[in-house]
Amino acid sequence: MSIVIVGDRAVGKTSTLLALANPSERQYVQVIDPNYENLSENYINPETGDTPPTRAVEQLPLLINVDLPGGQKQIRAVWMDTPGEYWENKDWQTQNPSAWRGIKETLNQNLGVILLLPPHRDMVQPSLLNSVDITTNINKDDLMTPTAWVNRLAKWLDLFSQDCSQVEHLMICLHKADLFCSNIALTGKQFQYKPGGGTPFYQFNKNVREMYFTAAEKVIHNYHLRGGKPIQFFVTSTKSRSLLELPWLYLSPYILYSSK
């Protein structure tokens, strides 16, 4: 079954796939085919070490090892990566109505949609904003204001309600948690997967909404009033394998069931 990754430009969609394939950091989830070396050759610029922007819709069959309470399982999924500008550039959508309609129709045919949402500027640790250390410097002007962030989330929720009626699982991951969590390791422990069973995904969902989405509670509430499907909320980061794996550990049983 297909899992679509959506999000604006440079939010980290492709780097998420690379991180999940990296065997050196594996905990409970690992993409084994394609392997990390093949993915790195295709998606990492060898001169800069950066991940180039996605230029077209890409579909990539994946074989994934997952440690579930019933033991290790292998799941097959199709990773669909999408250019960020398709979702945020209204001019492109207007000028390419047929392509835009096709993307939305494809979106609605999938088992799950994962939205990677960046933090707004007031979430980011002050020490990282306009720092003199160029290795950690974050330009405040490159980040959305809280108001713009809520408005952008509202647009995504409109897309969910209008164009994802057939999608069974909708997830929103507040990504780049290392920018707004002062202790990313501690945050990973707060949202700890239990391989023996009993992982409290419902409580995790509630905690994430209360901790990080209070500013957007009104638009989320309005989405549900319009009959929007349930959404599972996560925080993720390529700097925390435990957080990054959690949405896939949540999805894996459903992928297994749907493939029978």
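Student: How much space lies in the second largest cavity?
Tutor: About 40 Å³. Keep in mind that this is a predicted model.

Student: Which residues line the second largest cavity?
Tutor: Thr14, Leu17, Tyr43, Glu58, Gln59, Leu60, Trp79 and Asp81. By class, four are nonpolar, two polar and two charged.

Student: Which element gives the most to that lining?
Tutor: Strand β3, with three residues. Helix α1 and strands β3 (58-68) and β4 (71-81) each supply at least two.

Student: And the largest cavity, what is its volume?
Tutor: About 60 Å³. The count of cavities of 30 Å³ or more comes to two.

Student: What lines the largest cavity?
Tutor: Ile5, Thr16, Trp79, Ile114, Leu116, Cys173, Thr236, Leu244, Pro247 and Trp248. Eight are nonpolar, two are polar and none is charged.

Student: Switching to the strands. In what order do they sit in the sheet?
Tutor: The order is β2-β3-β4-β1-β5-β6-β7. These seven strands form an open sheet with mixed pairing.

Student: Why is one side of β2 and of β7 left without a neighbour in the sheet?
Tutor: Strands β2 (29-33) and β7 (231-235) stand at the edges, each with a single partner strand, so one side of each has no neighbour there.

Student: How much are neighbouring strands turned against each other?
Tutor: By 30 degrees on average, direction ignored.

Student: Back to β5. In which sense does it pair with β6, parallel or antiparallel?
Tutor: Parallel, over six bridges. Strand β5 covers residues 112-117, and strand β6 covers residues 169-174.

Student: What stands opposite isoleucine 114?
Tutor: Methionine 171, in β6.

Student: Now pockets. What volume does the largest pocket have?
Tutor: About 1200 Å³. Its lining has 39 residues, and Ala10, Val11, Gly12, Ser15 and Lys176 lie nearest its centre.

Student: Which elements give two or more residues to that lining?
Tutor: Helices α1 (13-21) and α3 (84-88). The largest share, five residues, comes from α1.

Student: How does the lining of the largest pocket divide by class?
Tutor: It has 15 nonpolar, 13 polar and 11 charged residues.

Student: And the second largest pocket, how much space lies there?
Tutor: About 250 Å³. Its lining has 13 residues, with Lys90, Gln93, Trp100, Lys155 and Leu159 nearest the centre.

Student: Where does the largest share of that lining come from?
Tutor: Helix α6, with seven residues. Helices α3, α4 (90-95), α5 (97-107) and α6 (146-163) each supply at least two.

Student: How many of those lining residues are charged?
Tutor: Seven are charged, four are nonpolar and two are polar.

Student: Last topic, confidence. What is the mean pLDDT of the chain?
Tutor: It is 90, and 96% of the residues reach 70 or more.

Student: Where is confidence lowest, and where highest?
Tutor: Lowest in α3, at a mean of 84, and highest in β7, at 98.

Definitions and conventions: Residues numbered from 1 in each chain as written. Predicted model: local features only at pLDDT ≥ 70, side-chain atom pairs only at ≥ 80, totals over all residues. Heavy atoms only, no water. Pairing = 2+ DSSP bridges. Helix = DSSP H or I, 4+ residues; strand = E, 2+ residues; numbered from the N terminus. Axes fitted to C-alpha atoms, helices over the stretch in contact; angles between N-to-C directions. 1 Å grid on protein atoms, 1.4 Å probe; cavity = no way out; pocket = protein on both sides within 12 Å on 5 of 7 lines; lining within 4 Å. Points joined across faces, edges and corners; volume = space filled by probe spheres on them. Nonpolar A, V, L, I, M, F, W, Y, C, P; charged D, E, K, R; others polar. pLDDT = per-residue confidence, 0-100.
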